[in-house]
Amino acid sequence: MILEWLGKIGDFSLTLLIVTLYGLLVGAYVERVIAKVQGRIGIPYSQPFINILKNFFKRTAVSHGVMFYLGPVFRIAGGIGTLAFVPVIYGSEMFSNFSMAGDLFLVIYFMFFGQLGMALGAGESGHPYSAIGIARGLSQMTAYEVPFALAVISIVIQYDTLSITGIVAAQQGGWQNWTVFTNWVATLAAMLAFLGMMGYSPFDIFLAPQEIPVGPPTEFHSAYLGLLQTNRALFGATKLILFMNLFFGGATGWIELMIKTLLIYMVAVVVGVAYPRFRVDQGIRFFFKIPTLIGIASIIYVQMVLIS
Amino acid sequence: MYKMGGLIKNMPFTFTFTMIAIIAMSGVPPLTGFGGKWLLTNALMEKGWYWIAAFAFFSSAVAFLYMFRLLQTVFLGQRKLEHAKLREAPAILLVPQVVMIAVIMVLSAYPKLLLDPLSAAVAPWLGGALVWDGFALQTHFGYWNAPMIMAVVAGVWMVPLVILLLISLTLKIQKVEQFNIVYAAERPHRPEDTHFAYNFFAHYDRAIGFLVRPRATAFWNTAVEWSYSLGASLRIFYNGNGQTYALFILMYFVAMFLVNGGILL
Amino acid sequence: MIKSLGTEDTLENAGLSAEEQQLFSNARPKAYEPYPIKAVEDFANWARANSLWILAFGTGCGAIELRPLMSARFDASRFGVAGRPTPRQSSVFVIGGYASVKTLKRIIRSYEQMQGPKFVLALGICPVNGGMYFDSYNTVNQFDQYLPVDLYITGCMPRPEVLVAGIMELQKKIKAGRCDGANRYIENFDWYKANQKKVIKNWDMPDYNW
């Protein structure tokens, strides 16, 4: 029993390491793509690693209180935990992580965990701009969860299971079995929600990289910021893996996973470099209109076409 | 509530208990609120009530919004000057909270303790018991292994904490006061105008607030308006002027004359 | 002889009223030593040099030279330079030319809120000797009387190419471990404070802005 758990933890640590490194690398790649669009050369591939190292090598810090100190811990625990409940490689016992603990609903609800901790930490810093960033981030989050939840319910009806492994298993046997081809309506709704989830333009106002200094993490610096940056890469990669599992047939090996997630990421990047930014209320209204209608259509589509 | 703020400094225990309760209520795993939401959603899906399941999901996301607002407004942000001397709630108020939080934690880790008696109690009327596989609860769609979730979350929470504590050894961390914030190179002047709490989710209001504006008031206001204009129109005839009334009487006689045997017959 | 502000651990925060004193920290900043292992310190310096985050605070006319730095023509992000809008996260402060007394107060506040190791890059001739504003009633002439400067880039105004060259020079200096401005500021804290308070008359902030 103990040995089994230790083995499981070892396997998960390996997954965590690979996914974090991959997330950082793919983040640098995306930065370079954006730079190329803007006619620049862009950062070196090592830049995200150096940034994190630099933040860990800072020598001074301030603390606004215990919750401020724990905020980044909650945030990265949210990232690691979400990864822990998602099976990464289909058919591999080693990289299935702790997905036997809970199903798809657990993963979706657990995404709130990091947001909550971060919101509490940023709130204790007492900076009004942090609070504004939180208000914007939380509002936008609830808005994009609506089409995403509708799409998820649609595919749960389609595959008659909530287990992510089960959903991936149902999509095996060729590309024509992937959700994106069997239930393209739900995939469309989910990909629109995905744009909001990844925080690229037009839905990047809650981070507001320049204006209300960087949204919730305004007051975070040094090692806190190092943790937050690590989490950003890790959590981004986890969301990509989740979308790949739900809509693009999962992956049976790391190479397949990397190619697929990179292509999914590119959806958000292509939209991001092409479109200007929405205000938060415009973003909320957007999500409640067309993506929600598509989400409702996807449930009707599943009930009318696929089930009967 | 807007008169408070920053009370986490004075009332750390109350804050912690409120926070745990809110995590549990808004259905964030690993605490027990998630179990209730999970069971409810599964039951709705099994019945085929997909729309209600979608609404339930959205409402739990929004519940998270307004309950966070409680924490932000009362406990986080800037403390007012007159609240600097406030003290933690007395032990007699804290002890019941500790007990309740302990119950939440235990039930979060072992929901079987609560669910087994409950399902046994309702079994004679509703039939159908919960399906257990070890500590994992099984439904037609999915599974939920609460003790394992608790263990995993505790693990992934402890590891970054230890890392941060280790890094903190190499850092000079200075504990600062509430006004030591970056304020665009200025200094804050009063806690009242630095604490952001009022109209917290203003964007939501701008986006879909028109849905919740009270309709009844608008309806009765319109009714009042219409009766005023109706009265104003009637005032043309009933205008309190004796000559007009005399004219009406005259017109009545003329009309009678025309109808009863004058020109028409 | 420079009068010490407060005791060894605390500052007296004389610019604040009694009511405000409880809202600001009155701790005195402490200098930090390099890591005990030399290899770790060298590695840390390499990381710091290759990840210079510039505080997006435009002071003086040189601020206009910072904008093209990130654009397609000069693209300083190749060297690990990025802009950060909050001093908490940034490590380089570029003094863009003359510093008027009003701006100096904000520069000091922002500089003290940056987390060490932090570097100051003085752009143009004005921070060196006042430049064309040498007899102005409202600008300071020698900037390093008020904050420690790690590298000067002179000219009026230096073009972005020169700024890129200066950033690369700063990187060399950081890698060699010779950028200790933050510690110099703390070790000579009372001297710097006395100079700052000499020119800034309405000192209504704490002595050290944590």
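What share of the contacts in chain A with a separation of 6 or more is accounted for by residues 24 or more positions apart? The share is 80%. The model is a predicted one.

**Chain A: overall form**
- Chain A is built from 12 helices and one strand.
- Its elements follow the order α-α-β-α-α-α-α-α-α-α-α-α-α from the N terminus.
- The radius of gyration of chain A is 19 Å, close to the 19 Å that the globule rule gives for 308 residues, so chain A is as compact as a globular protein of that length.
- The C-alpha trace of chain A spans about 60 × 50 × 40 Å along its principal axes.
- Buried residues make up 69% of the 308 in chain A.

**Chain B: overall form**
- Chain B contains 10 helices and four strands.
- The pattern along the sequence of chain B is α-α-α-α-α-β-β-β-α-β-α-α-α-α.
- Chain B has a radius of gyration of 33 Å, whereas a compact globule of 265 residues would have one near 18 Å.
- The principal axes of the C-alpha trace of chain B give spans of about 110 × 65 × 35 Å.
- In chain B, 40% of the 265 residues count as buried.
- Of the contacts in chain B between residues at least 6 apart in sequence, 71% join residues at least 24 apart.

**Helix H2 of chain A**
- Helix H2 of chain A, residues 47-56, is mostly covered, with seven of its 10 residues buried.
- Those buried residues are A:Gln47, A:Pro48, A:Ile50, A:Asn51, A:Ile52, A:Lys54 and A:Asn55.
- Within chain A, the buried residues of H2(A) pack against helix H1 (2-37) and H9.
- In chain C, the packing partners of these residues are H2 and S1.

**C:Ser51**
- C:Ser51 sits in the loop between helix H2 (38-49) and strand S1 (53-55) of chain C.
- C:Ser51 is buried, at a relative accessible area of 0%.
- Neighbours within four places in sequence aside, C:Ser51 is in contact with A:Gln47, A:Ile50, A:Asn51 and A:Lys54 of chain A, and with C:Gly80 and C:Ser91 of chain C.
- C:Leu23 lies 28 residues from C:Ser51 in sequence, and the two are 34 Å apart in space, C-alpha to C-alpha.

**Cavity**
- The count of cavities of 30 Å³ or more comes to one.
- The largest cavity has a volume of about 60 Å³.
- Its lining consists of A:Met111, A:Phe112, A:Gln115, A:Met141, A:Tyr144, A:Glu145, A:Met197, A:Phe235 and A:Lys239.
- At least two lining residues come from each of helix H4 (104-124), helix H5 (128-159) and helix H9 (222-247) of chain A.
- By class, six residues of this lining are nonpolar, one is polar and two are charged.

**Cysteines**
- There are zero disulfides over all chains.
- The closest cysteine sulfur to that of C:Cys156 belongs to C:Cys126 and is 5.7 Å away, which is too far for a bond, because a disulfide requires sulfur atoms within 2.5 Å.
- C:Cys156 is exposed, with a relative accessible area of 59%, whereas C:Cys179 is buried, with a relative accessible area of 13%.

Note on methods:
Residues numbered from 1 in each chain as written. Chains lettered and ligands numbered in written order. Predicted model: local features only at pLDDT ≥ 70, side-chain atom pairs only at ≥ 80, totals over all residues. Heavy atoms only, no water. Buried < 20%, exposed > 50% of the residue type's maximum accessible area, 1.4 Å probe, protein only. 1 Å grid on protein atoms, 1.4 Å probe; cavity = no way out; pocket = protein on both sides within 12 Å on 5 of 7 lines; lining within 4 Å. Points joined across faces, edges and corners; volume = space filled by probe spheres on them. Nonpolar A, V, L, I, M, F, W, Y, C, P; charged D, E, K, R; others polar. Rg over C-alpha atoms; globule rule 2.2 N^0.38 Å. Contact = heavy atoms within 4.5 Å.
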